[in-house]
Amino acid sequence: MKTLFLQAPSFDGFDGGAGSRYQAKREIKSFWYPTWLAQPAAMVPDSRVLDAPADEISVEDSLRIAEGYDLVIIHTSTPSFPTDAKFAELLKARKPSVLIGLVGAKVAVDPSGSLTASPAIDFVAREEFDYTCKEVAEGRPFESITGISYKLADGTVQHNPPRAMIENMDDLPFVAPIYKRDLTINNYFIGYLKHPYVSIYTGRGCRSKCTFCLWPQTVGGHRYRTRSAANVLAEAKWIKENMPEVKELMFDDDTFTDSSNMERVHDIARGLGAMGWTWSCNAKANVPYESLKIMKENGLRLLLVGYESGDDQILHNIKKGLRTDIARRFTEDCRKLGITIHGTFILGLPGETKETIDKTIQFAKEINPHTIQVSLAAPYPGTTLYNQAVENGWLKENEAVNLVNDKGVQLALISYPHLSKEDIFHGVEKFYRAFYFRPSKIWEIVKEMLASWEMMKRRLREGVEFFRFLRAHEA
């Protein structure tokens, strides 16, 4: 079947986010590559990936494009599901014969509810959906395809047996050729990465058990299944030769630097260094100094590090598997080696108080990553955090669909007897102001701007967007 893999247009104008559909407008407009759609698209001949939000394609124009396909597979999430379902209904009204399927963590944890939410949705693919999408596109009968749920003629829902996890990750084709074929590379912009950049996965799953993290608990699993170093380097070489405008390679694995994986990381780093790559990756704040040194000497520029909190009890509560003293030492090692850090923090996790919010702000100022992102605890269905919140009365069941307000600003949904939603929500603005509005941090950013006209333009644009974000948050 002629197949379209679609990031549907957002009726609310939300940004794109980390390989999926982010829950809100970010502080600074940003777009990650739709890797989870590009991967199955690479397995379906003559398919197309359409990223409507990144390309700023309207609902009407997206419908016009989608009408030309027999099968449309939409990547959805809990917050984007209502508008994705609405788009499916509009498309079905125009072309009743089109087959519409949904993929993503939302449908993986709630296949029945997703299917019955709209008559326009024909099937959903659970678990890892790459081969599922391939088999549907080949026209195989639904009853023969593992990993899907679909409606029977009488309206009931049929759940086929689950699809086995992919074990040999080298069997998957490269996603970079799909990026080049279907996407506008310059549209993908992340404030802390060089522009233009490309992000890929070198493996799936994460051994960490963080209670809030969506993908390992829904689609990827807790076993880290990796591509070989040779396979990763072959794709990096393809990008270097075929996408010469790319200035940075980002490895978007949940934790690229997992301790079970460091020899492979060293091999990848050395190969990237030999090619002259500048690269970045996600990392846990516990990478040994010697590994950091090897990575830095071979082109590593930046680490995206999830610190989450500056309070050890909260880190224990969320099963982070990390202490603040280890994070401090790791951060100091990065500083010595000249590795830039973009640090991420979360407010409103179990155990949060007004005092721990202040403690985390102080911790962030002390370790002083170059840039930060502060989020509100997002209780996605399918996560331990969601179950805890419902069981303890911190959140009403099914309330997680309201993760954002009508302006696209993320809402605080979890509240505690001692800490209100409002206190947590306004903690984000307080955190940003305390971190960035310091003379030392302002001077650090000004020096960066003065060193490069390109960086000057970027930071000025980001500054305007950041102040708009703060004003929206105050409202």
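How many residues does helix α18 have, and how far does α18 reach from its first C-alpha to its last?

**Ground rules.** I noted that this is a predicted model, in which local features need pLDDT of at least 70, side-chain atom pairs count only at pLDDT 80 or more, and totals for chains, interfaces and linings use all residues. I also noted that residues are numbered from 1 along each chain as its sequence is written, and that side-chain values use heavy atoms, with hydrogens and water left out.

**Entry 1, helix α18.** I looked up α18 (residues 439–450) and found that it has twelve residues and reaches 16 Å from its first C-alpha to its last, close to the 16 Å expected at 1.5 Å a residue. The expected span is 1.5 Å times one less than the number of residues, and helices (H or I, at least four residues) and strands (E, at least two) are DSSP runs, numbered from the N terminus. Lys-441, Ile-445 and Met-449 are buried in α18, where buried means under 20% relative accessible area, exposed over 50%, and partly exposed in between (1.4 Å probe, protein chains only). Seen down the axis of α18, its buried residues fall within an arc of 80 degrees, so they line one face of the helix; the arc is that of the directions from the helix axis to the C-beta atoms. The face turned away from the buried side carries the exposed residues Pro-439 and Leu-450.

Leaving aside neighbours within four places in sequence, Tyr-179 is in contact (heavy atoms within 4.5 Å) with residues including Tyr-33, Ile-185 and Met-243.

I found a cis peptide bond between His-195 and Pro-196, with omega about -5 degrees, and Pro-196 is in the loop between α8 (176–182) and β8 (197–200). Glu-308 is not a glycine, yet it has a positive phi of about 70 degrees; Glu-308 lies in strand β13 (residues 300–308) and counts as buried at 6% relative accessibility. Asn-368, also not a glycine, has a positive phi of about 50 degrees, and at 22% relative accessibility Asn-368 counts as partly exposed.
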